Amino acid sequence: MAVETKYKMSRERLDEIKAELEYLQTVREKEVSELIKEARSFGDLTENSEYDEAKTEQGKLYSKIAELKNIIENAEIIEKAKSTDSVVLGSVVRILDVDEDTEENYRIVGSQEANPLEGRISDESPFGHGLLGGKIGDTVEIDAPAGRQRFRILDIQN
């Protein structure tokens with residue numbers, strides 16, 4: 001029996017995924033069904049590119065629906081941390097890149113919410129994983145493709 005992957009996320013992200021699933025199962029599924037019906041009306045299906053495209057779209061849709069259902073079934077809600085002095089899932093961390101002498105803020109999130117451009121770092125990434133458990137004043141070293149980098153934790157908000 002396969003081990004199911006747990007997807008760590010906030011309640012808000014789970015609600016977004018449920019809303020997306022609802023949209024795909026109602027609105028989008030009807031749209032794709034209409035595309036198939038319209039393509040069938042063109043006649044011979046063996047040389048009907050519109051029908052092939054609509055069926056491909058339907059396959060992608062059903063694949064996405066199955067993926068979202070799996071995520072919902074295996075979601076693990078991240079509760080907001082009660083006062084803790086170390087970096088945990090959900091923490092906002094202000095760090096100093098020791099080598100570059102620059103400060104950045106990051107929120108440590110589950111992989112389903114990660115978006116580095118918005119400062120949301122997955123706990124499963126080398127950077128996020130390296131920060132977990134750290135305390136204010138700690139310097140953590142993280143192996144990155146560009147080489148080993150050092151960061152000092154300046155502040156933690158939970």
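Modeller: In this predicted model, the side chain of S122 reaches the backbone nitrogen of E124 at 2.9 Å. S122 belongs to strand β5, which covers residues 120–122. With a relative accessible area of 10%, S122 is buried, since the limit for that class is under 20%.

D123 is likewise of interest, for its side chain meets that of K8 in a salt bridge, with 3.0 Å from N to O. K8 lies in strand β1 (residues 7–9) and D123 in the loop between β5 and α3 (126–131), so this pair ties together parts that are 115 residues apart in sequence. D123 is buried, at a relative accessible area of 6%, whereas K8 is partly exposed, at 28%.

A further salt bridge links R150 and D99, whose closest N and O atoms are 3.2 Å apart. Because R150 lies in strand β7 (residues 147–157) and D99 in the loop between β3 (92–97) and β4 (102–109), the pair ties together parts that are 51 residues apart in sequence. R150 is partly exposed, with a relative accessible area of 34%, and D99 also counts as partly exposed, at 45%.

The side chains of R148 and E141 form another salt bridge, at 2.6 Å from N to O. E141 counts as partly exposed, its relative accessibility being 45%. Elsewhere, salt bridges with shared partners join R28, E31 and E57 into one network. A search of the whole structure finds eleven salt bridges.

Key:
Residues are numbered from 1 along each chain as its sequence is written. This is a predicted model: local features need pLDDT of at least 70, side-chain atom pairs count only at pLDDT 80 or more; totals for chains, interfaces and linings use all residues. Side-chain values use heavy atoms; hydrogens and water are left out. Helices (H or I, at least four residues) and strands (E, at least two) are DSSP runs, numbered from the N terminus. Buried means under 20% relative accessible area, exposed over 50%, partly exposed in between (1.4 Å probe, protein chains only). A polar contact is a pair of N or O atoms within 3.5 Å; within protein, one must be able to donate a hydrogen and the other to accept it, and residues adjacent in sequence count only if both atoms are side-chain atoms. A salt bridge is a side-chain nitrogen of Lys or Arg within 4 Å of a carboxyl oxygen of Asp or Glu.
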